[in-house]
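Reader: Please take me through the terms applied to this model. For each one I want the value, the cut-off and the conclusion.

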Amino acid sequence: MFKKIRSDIQVVFENDPAARGWFEVVLTYSGLHAIWAHRMAHFLYKRRWFSVARFISQVSRFMTGIEIHPGATIGNRLFIDHGMGVVIGETCEIGDDVVIYQGVTLGGTGKEKGKRHPTIGNNVVISSGAKVLGSFSVGDQSNIGANSVVLKEVPSNSTVVGIPGRIVKQDGRRVDRLSQQLPDPVVDSLRGMQKELERLQEEVRTLQNARANETVHDT
C-alpha cells in the first residue's frame with residue numbers, strides 16, 4: 001500500500017512542473033485525494049459494501065469536484081490534473097500511466113446494462129473537456145484532444161480530435177493532411193456557404209455577360 005502511495009505522489013512530480021514538494025502535493029492535490037478515496041471505495045465495492053462505497057465516493061466528489069464510481073477499475077500511476085468536473089463511470093477500466101485533465105467524462109451512452117463505459121489503455125492522455133462515451137477501447141499510447149467527443153474505438157498510438165472524434169494521426173503518421181486543425185461543424189458549414197456563394201457569383205457573372213451580349217446584338 002505504501003509503495004502505491006509513494007508511486008501516486010511521484011507521478012505528480014513527473015507530470016506537473018508546478019509541484020514543489022511532497023507536503024504541498026499530499027495536502028493540496030485534489031486529483032490525488034480522489035484517487036486515494038476511490039481505492040478505499042473500490043475495496044469496499046468489491047466486497048459488496050455498495051452503500052458505504054458510494055457514500056465514500058460522494059464525499060470525495062463533494063471535497064474534490066471529481067466523481068469516480070466505486071465500481072471503476074483504475075490502474076497504477078493515474079494522474080488527474082486539476083480535475084474539477086472529471087466523471088468516471090462504473091464499468092470504466094483505466095490502464096497504467098494515464099493522464100486525465102479537467103472536465104473529462106468517461107461515460108456511457110444510455111441505460112444499457114453490463115459493460116457500458118470505455119476501457120482506457122496504458123500511457124493515454126485525455127485532454128481538457130474530452131468526452132469518451134460508450135463500451136469500447138482506447139488503445140495504448142493514444143491522445144484524445146481537448147473537447148473531443150469520442151464515440152468509437154481508438155487504435156493504439158493514435159491522436160483523436162473533434163466532434164465527433166476522428167483519428168488524425170496514427171503510428172506517428174498523419175491520417176489527414178490538415179490534422180493540425182480541429183474538425184468543427186461550424187467551420188464546415190461556413191466552408192459550404194462559401195462554396196455556394198462562389199457558385200452564385202459565377203451564375204451572376206454568366207447572366208451579366210449574356211445580357212451584355214444581347215444588348216450588343218440589339219444595337
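**Terms and cut-offs**

Author: Leucine 106 is in contact (heavy atoms within 4.5 Å) with Val87, Ile88, Gly89, Cys92, Ile94, Ile100, His117, Pro118, Ile120, Ile126 and Val132, leaving aside its neighbours within four places in sequence. This is a predicted model, in which local features need pLDDT of at least 70 and side-chain atom pairs count only at pLDDT 80 or more, while totals for chains, interfaces and linings use all residues. Residues are numbered from 1 along each chain as its sequence is written, and side-chain values use heavy atoms, with hydrogens and water left out.

Reader: Which residues have the most contacts inside the largest nonpolar core?

Author: They are Ile88, Ile94, Ile100, Leu106 and Ile126, in a core of 27 residues. A nonpolar core is a set of buried Ala, Val, Leu, Ile, Met, Phe, Trp, Tyr and Cys residues joined through side-chain atoms within 4.5 Å. Another core, of nine residues, lies apart from the largest one and includes Val12, Ala19, Tyr29 and Val99.

Reader: Is leucine 133 buried, partly exposed or exposed?

Author: Its relative accessible area is 21%, so leucine 133 is partly exposed: buried means under 20%, exposed over 50% and partly exposed in between, with a 1.4 Å probe and protein chains only. Leucine 133 lies in strand E10 (residues 131-133). Not counting residues up to four places away in sequence, leucine 133 touches Thr105, Gly107, Gly108, Thr109, Val150 and Leu151.

Reader: What makes H3 and H4 roughly antiparallel?

Author: The axes of helix H3 (residues 30-46) and helix H4 (residues 50-64) come within 8 Å and cross at roughly 175°. Axes are lines fitted to C-alpha atoms, for helices over the stretch in contact, and angles run from 0 to 180 degrees between N-to-C directions. Angles under 35 degrees count as roughly parallel, over 145 as roughly antiparallel, 65 to 115 as roughly perpendicular and the rest as oblique. H3 and H4 are therefore roughly antiparallel.

Reader: What makes E1 and E13 edge strands?

Author: Strand E1 (67-68) and strand E13 (149-150) each pair on one side only. The open sheet has five strands in the order E1-E4-E7-E10-E13, with parallel pairing. Strands are DSSP runs of at least two residues, and helices are runs of H or I of at least four, numbered from the N terminus.

Reader: How do you know that E1 pairs with E4?

Author: Two strands pair if DSSP finds at least two bridges between them. Two bridges join E1 to strand E4 (residues 87-88), and these strands run parallel. Glutamate 67 stands opposite valine 87 in E4.
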